[in-house]
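This briefing concerns the single structure shown below. Please keep the sequence and the model in view while reading.

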Amino acid sequence: MTTFSEKVYQLRKEFAYSQEELAEKLEVSRQTISNWENGTAQPALDKAVELSNLFDVSLDEMVGKKIQQAKTVSPILKAFIGQTVSVFLNPSSDAWMSVSRTEVKNCEVIDVSEHSLKVIVDERKQKIERVFMLKDIIGIKEEVV
């Protein structure tokens with residue numbers, strides 16, 4: 001059975017957040033996240049709820065009470081791996097703010113999970129790896145290269 005601290009660490013890594021980024025989203029210190037992950041502290045209920053909402057898992061799953069069957073990744077999303085796509089982001093999500101636009105073109109899809117799409121984007125002549133949460137994506141269009 002997975003402990004709460006292991007689950008926080010596992011989900012933070014899956015969502016590609018640093019401790020600092022997760023702390024900022026939850027309005028706590030980086031040290032607080034570290035304490036949760038190493039098991040020396042537990043979050044207040046309101047922060048546990050924020051964590052479960054952010055990671056789209058139940059509180060039961062966060063505390064290891066209920067092990068759900070592994071979620072499968074859509075075969076449609078899997079088909080995009082290795083493809084170049086445009087990703088359309090919900091303008092009311094946090095994701096579009098980080099890239100300052102709602103359409104991100106020429107994304108090479110390198111991985112998908114039940115929660116996210118990992119891509120490489122050319123930005124200012126640099127290849128940048130980005131992770132978009134599926135809940136923030138309103139569309140994906142394959143690019144003709």
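Two strands count as paired if DSSP finds at least two bridges between them. Helices (H or I, at least four residues) and strands (E, at least two) are DSSP runs, numbered from the N terminus. On this basis β2 and β3 form a hairpin with three residues between them. The model is predicted: local features need pLDDT of at least 70, side-chain atom pairs count only at pLDDT 80 or more, and totals for chains, interfaces and linings use all residues. Residues are numbered from 1 along each chain as its sequence is written, and side-chain values use heavy atoms, with hydrogens and water left out.

**Overall architecture**

- The protein chain contains seven helices and five strands.
- Read from the N terminus, the elements follow the order α-α-α-α-α-α-β-α-β-β-β-β.
- Of the 145 residues in the protein chain, 37% are buried, where buried means under 20% relative accessible area, exposed over 50%, and partly exposed in between (1.4 Å probe, protein chains only).
- Among contacts (heavy atoms within 4.5 Å) with a separation of 6 or more, 49% join residues 24 or more positions apart.
- The protein chain has an accessible surface of about 8,800 Å², and carbon and sulfur atoms hold 49% of this area; the areas come from the Shrake-Rupley method with a 1.4 Å probe, and for residues only the protein chains shown count as cover.

**The sheet**

- Five strands build an open sheet in the order β4-β3-β2-β1-β5, with antiparallel pairing.
- From one strand to the next, the twist averages 40°, based on axes that are lines fitted to C-alpha atoms (for helices over the stretch in contact), with angles from 0 to 180 degrees between N-to-C directions.
- The antiparallel pair of β2 (residues 103-112) and β3 (residues 116-123) is held to five bridges; Val109 has Val119 of β3 as its bridge partner, and Val112 has Leu117 of β3.
- β3 and β4 pair in the antiparallel sense over eight bridges, and the bridge partner of Asp122 in β4 is Lys127.
- The hairpin of β3 and β4 has two residues between the strands, and Arg124 in the turn has a positive phi of about 50°.

**Helix α4**

- Within α4 (residues 45-55), Lys47, Ala48, Leu51, Ser52, Leu54 and Phe55 are buried.
- Viewed down the axis of α4, these buried residues fall within an arc of 165°, so they line one face of the helix; the arc is that of the directions from the helix axis to the C-beta atoms.
- Leu45 and Asn53, on the other side of α4, are exposed.
- The cover over the buried residues of α4 includes α1 (4-14), α2 (19-26), α3 (30-38) and α5 (59-62).

**Nonpolar cores**

- A nonpolar core is a set of buried Ala, Val, Leu, Ile, Met, Phe, Trp, Tyr and Cys residues joined through side-chain atoms within 4.5 Å.
- The largest core has 16 residues, of which Tyr17, Leu22, Leu51, Phe55 and Met62 touch the most other members.
- α1, α2, α3 and α4 are the elements that give two or more residues to this core.
- Leaving aside residues up to four places away in sequence, Phe55 touches Leu11, Arg12, Phe15, Tyr17, Leu22 and His115.
- A second, separate core has 15 residues, including Val73, Val104, Val119 and Ile137.
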